Amino acid sequence: MKMRIFVPCDAAAIAVGADDVVTALEQAAEKRGQPVQIIRTGSRGLCWLEPMVEVATLQGRVAYGPVSVADVPSLFDAMASNGPHPLRLGVADEIPWLKRQTRLTFARCGVIDPRSVEDYRTHGGTKGFERALSLTPTEILTEVTASGLRGRGGAGFPTGIKWKTVADAKADRKYIVCNADEGDSGTFADRMIMEGDPFVVIEGMTIAGITVGATKGYIYIRSEYPHAVIAMNAAIAAAKRVGLLGSRIGGSSHTFDLEVRVGAGAYVCGEETSLLESLEGRRGIVRAKPPLPAHKGLFGKPTVINNVLSFAAIPFILAEGAKTYADFGMGRSRGTMPIQLAGNIRYGGLFETAFGITLGELVDDVGGGTFTGRPVRAVQVGGPLGAYFPRALFDTPFDYEAFAARDGLIGHGGIVVFDDSVDMAKQARFAMEFCAIESCGKCTPCRIGSTRGVETIDKIRRGERVSDNVALVEDLCNTMKLGSLCALGGFTPYPVMSALNHFPEDFGAERKPLQAAE
Ligand SMILES: Cc1cc2nc3c(=O)[nH]c(=O)nc-3n(C[C@H](O)[C@H](O)[C@H](O)COP(=O)(O)O)c2cc1C
Ligand code: SF4
């Protein structure tokens with residue numbers, strides 16, 4: 001009987017040798033005369049176990065990892081006999097790190113062949129699309145709004161309101177744009193879902209198109225994601241072949257088509273208006289708002305622009321109903337968040353869970369503390385514009401409002417962990433430097449302020465007139481926060497001020513570190 005073996009083709013797995021493991025598995029099979037079918041899947045998100053190899057058994061798919069080429073001969077025999085092996089992790093679905101997740105968006109990622117529409121359908125794909133076809137645009141809007149879904153790109157804006165604005169706009173053409181620029185440090189969920197379950201992104205965008213009356217969509221992917229570009233292009237071609245994209249999609253009267261566009265690489269091109277400039281073939285520079293993209297977006301037409309994860313959440317919401325989605329979460333943060341654990345962390349990877357889990361649970365329990373084994377000193381949540389949180393704030397629940405109340409943000413759900421060797425004054429300088437390098441240059445507080453910020457933090461680090469210069473940094477941060485045109489300049493104060501407030505000792509400054517209760 002043919003052995004069915006699953007090996008990720010996700011970029012993270014390939015980076016640690018997944019392709020070589022596949023070659024070794026094929027050689028082992030040939031040598032033993034054992035017929036095999038090797039299926040390339042996405043990643044299940046347990047990055048420290050990659051390449052994680054699975055084999056189909058009567059008990060379910062049994063996982064092994066991390067597998068190297070040298071492990072393959074013994075691994076192959078263990079897989080063939082379903083016998084013991086030092087790398088055996090047990091039935092994949094029963095691995096505690098996976099089992100304690102609530103995978104609504106990532107349910108199929110790491111499970112299916114991302115190139116197979118059939119596999120997608122077998123695992124519940126297109127159910128949301130089919131339901132959407134049976135509803136009116138207004139009914140779809142009601143579902144999306146009732147789900148409580150908020151944009152996963154960072155700002156957390158309600159998706160239903162955005163879609164309604166575009167649906168209500170009168171225009172001869174409208175567009176759907178997927179923001180796959182994913183520039184935040186420590187984030188990779190967009191890449192993972194595009195590589196592991198690209199059809200869910202296509203399905204979400206298609207439902208958006210039907211809802212607002214758009215017939216064309218673009219997926220803007222950063223150039224650093226070549227595997228995602230290939231995966232999305234292959235999935236678009238496959239969807240066209242089976243009539244899920246093009247004219248009369250799914251046998252309906254709707255037309256919807258998609259194209260991938262590759263960005264040249266600039267953090268600011270993730271900002272929606274800058275992205276639209278880039279998509280139109282110009283330099284990525286931020287546009288003044290209003291007009292909002294929902295009124296005047298791509299090529300001056302009403303445009304829905306959403307993050308990859310926002311679109312990827314839509315098929316579940318339509319398939320299972322808004323209430324099922326909204327039943328997860330806390331407060332105004334409904335549903336689940338695919339959280340990305342990165343940096344100096346023992347168990348790094350993609351962990352999808354309902355909002356409400358605390359930062360401490362994520363870092364200590366799920367993440368297992370630091371990779372180096374040293375104490376955790378700080379975590380930066382929400383990318384390069386996110387705040388640094390000390391242990392004292394580890395009781396903060398993962399929720400938009402709870403983080404905002406503590407001068408932080410959850411952004412795109414990236415958590416970057418640092419141990420006690422981190423120099424927080426250096427991190428604050430890095431935030432200013434990052435802003436200076438990535439600034440689009442359109443407004444003065446960001447363009448000039450960030451450079452002055454670097455210079456002033458350098459003075460503090462050299463011990464020059466520390467309290468005067470700390471006051472200057474505070475003043476500068478205030479100006480950047482209030483006077484910048486977009487969040488690149490406007491949010492850089494978060495990492496800078498949180499480093500200063502929570503870790504004043506690293507600046508030689510006299511300040512009382514904030515306590516959890518404050
Ligand atoms: C400097 C900057 C970079 C951004 N980068 C991204 C990004 O990489 N991906 C993303 O989805 N949103 C990014 N955003 C947020 C977008 O401007 C926008 O809010 C988002 O695409 C809207 O989609 P959503 O409502 O689904 O979150 C960025 C914003 C700023 C200010
Ligand atoms: S804040 Fe920075 S990136 Fe944003 S518009 Fe101003 S100069 Fe450009």
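Author: Two strands pair if DSSP finds at least two bridges between them. Strands (E, at least two residues) and helices (H or I, at least four) are DSSP runs, numbered from the N terminus. The model here is predicted: local features need pLDDT of at least 70, side-chain atom pairs count only at pLDDT 80 or more, and totals for chains, interfaces and linings use all residues. Residues are numbered from 1 along each chain as its sequence is written, chains are lettered from A and ligands numbered from 1 in the order in which they are written, and side-chain values use heavy atoms, without hydrogens and water.

Reader: How many residues does the hairpin between β3 and β4 pass through?

Author: Two residues link β3 to β4 in that hairpin. The strands run antiparallel and are joined by five bridges.

Reader: What else does β4 join, and in which sense?

Author: Strand β5 (residues 88-91) is antiparallel to β4, with three bridges between them. Ala-63 has Gly-90 of β5 as its bridge partner. As for cover, buried means under 20% relative accessible area, exposed over 50%, and partly exposed in between (1.4 Å probe, protein chains only). Four of the five residues of β4 (residues 60-64) are buried.

Reader: How many residues of β14 are buried?

Author: Six of the six residues in β14 (residues 376-381) are buried. The strand pairs antiparallel with β16 (residues 414-419) over five bridges, and antiparallel with β15 (residues 388-390) over three bridges. Ala-378 shows both pairings: Phe-418 is its bridge partner in β16, and Pro-390 is its bridge partner in β15.

Reader: What lies between β14 and β15?

Author: Six residues separate the two strands of this hairpin. Gly-382, in the turn, has a positive phi of about 95°.

Reader: Which residue other than glycine has a phi near 30°?

Author: Glu-182 does, and the value is positive. Look for Glu-182 in the loop between β6 (175-180) and α9 (189-196). With a relative accessible area of 7%, Glu-182 is buried. Another case is Arg-465, which is not a glycine but has a positive phi of about 35°. That residue lies in the loop between α18 (444-461) and α19 (466-483).

Reader: Is Arg-465 buried or exposed?

Author: Arg-465 is exposed, because its relative accessible area is 57%.

Reader: Next, the peptide bonds. Which residues does the cis bond with omega of about -10° join?

Author: Glu-50 and Pro-51. Pro-51 belongs to the loop between β2 (36-41) and β3 (53-57). Another cis bond runs from Pro-290 to Pro-291, with omega near 5°. Pro-291 is in the loop between α12 (272-279) and β9 (303-307).

Reader: How many disulfides does a search of the whole structure find?

Author: A disulfide is a pair of cysteine sulfur atoms within 2.5 Å. The search finds zero. Cys-109 is in no disulfide, and its nearest cysteine sulfur, in Cys-9, is 9.5 Å away. Cys-109 is buried, at a relative accessible area of 1%.

Reader: Which residues come nearest to ligand 2?

Author: A residue is near a molecule or strand if one of its heavy atoms lies within 4 Å of it. Around ligand 2 there are 13 residues, of which Cys-440, Lys-442, Cys-443, Cys-446 and Cys-486 come nearest. For residue classes, Ala, Val, Leu, Ile, Met, Phe, Trp, Tyr, Cys and Pro count as nonpolar, Asp, Glu, Lys and Arg as charged, and the others, Gly among them, as polar. By that division the shell around ligand 2 has eight nonpolar residues, four polar and one charged.

Reader: Last, a contact across the sequence. How far apart are Val-308 and Arg-152 in sequence and in space?

Author: They are 156 residues apart in sequence, and 7.8 Å apart in space from C-alpha to C-alpha. Val-308 is in helix α13 (residues 308-320). Val-308 counts as buried because its relative accessibility is 0%.
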